[in-house]
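Good morning, colleagues. Please turn to the model on the screen, which I shall take you through briefly.

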Amino acid sequence: MLRACRVAAGVALGAAAFLSLPHSALASPSIAPGEPAPGAADPHAPRSWSAWRSDGTAWLSTAPGDTPEGGSVIGWRFSVAPDGAAGESPGGDLPSFEAVCGKETAAAGHKRVVVAVDFGDGDADPYPGEQPPAQGVLKCVAGAEDATTAQLLASAASVRVDAQGGVVSVDGYPARPQAGTDLPVPAVTPDGGGGPPIMLIAGGAGALALLGAGAVLATRRRTRPTTPANR
């Protein structure tokens, strides 16, 4: 009986202490109008596209105007970048140059590079009201030996840059109005080669095939035996 009384007394004291707490300590923290909810990205935080280069084990920050060597793997990521920071690196596994580009080498004066584009976290990185593309970009592109990181990106996607050369949108994302111009890139063949166009080769082969078939048909007609006329 004595033990039961002690337990009851302890419960009563705990309840009294809880009820004595001020209301502000029990209420949920208030959120000022216009402020982000706890855990959500700040809608007013700056966002940006950032450039990266793989060293085989991690992404290293690079600049749009840098000139990567042939065989490089470069990445681009859109993310929240507060206080002028570089932003987040591309997510997922590091791409392998051999897995994307294979072992084929570029023609003289050209280079082959892997370009990976990450449009960012769909919950934390977009501007309010926007949604990033469902899938990123992973391509093997060819370019001139002096092609920059931004120019190689433009070989894999449509790119818009500002007056300072910074990338402001990739494949139209983000969609909010952005001052800038489309970044032109010299056209090159997918493998960087300088051979005859594929369509020209295919057209020439088709013409030769037609000529050969016509010659065979004409020969058969000339050598076909004539049947004597019925008397």
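I shall speak about the sheet, then a helix, and then one aspartate. Please bear in mind that this is a predicted model.

Let me begin with the sheet. Five strands form an open sheet in the order β2-β1-β3-β4-β5, and their pairing is mixed. The edge positions belong to β2, residues 59–62, and to β5; each has a single partner strand, so one side of each is left without a neighbour in the sheet. From one strand to the next, the twist averages 35°.

Within this sheet, β1 covers residues 47–54 and β3 covers residues 73–80; the two pair in the antiparallel sense over seven bridges.

I turn now to the helix. Helix α4, residues 149–156, lies across β1, β3, β4 and β5. Relative to β5, the helix runs at about 120°.

Finally, the aspartate, D125. Where is D125 placed? The residue sits in the loop between β4, residues 110–118, and β5, residues 137–144. Is D125 buried or exposed? Its relative accessible area is 5%; because buried means under 20%, D125 counts as buried.

What does the side chain of D125 contact? It makes a polar contact with the side chain of R77, at 2.9 Å. Leaving aside residues up to four places away in sequence, D125 touches R47, R77, F78, S79, V80 and G120.

Thank you for your attention.

Technical notes
Residues numbered from 1 in each chain as written. Predicted model: local features only at pLDDT ≥ 70, side-chain atom pairs only at ≥ 80, totals over all residues. Heavy atoms only, no water. Helix = DSSP H or I, 4+ residues; strand = E, 2+ residues; numbered from the N terminus. Buried < 20%, exposed > 50% of the residue type's maximum accessible area, 1.4 Å probe, protein only. Polar contact = N/O pair within 3.5 Å; in protein donor to acceptor, adjacent residues only side chain to side chain. Contact = heavy atoms within 4.5 Å. Pairing = 2+ DSSP bridges. Axes fitted to C-alpha atoms, helices over the stretch in contact; angles between N-to-C directions.
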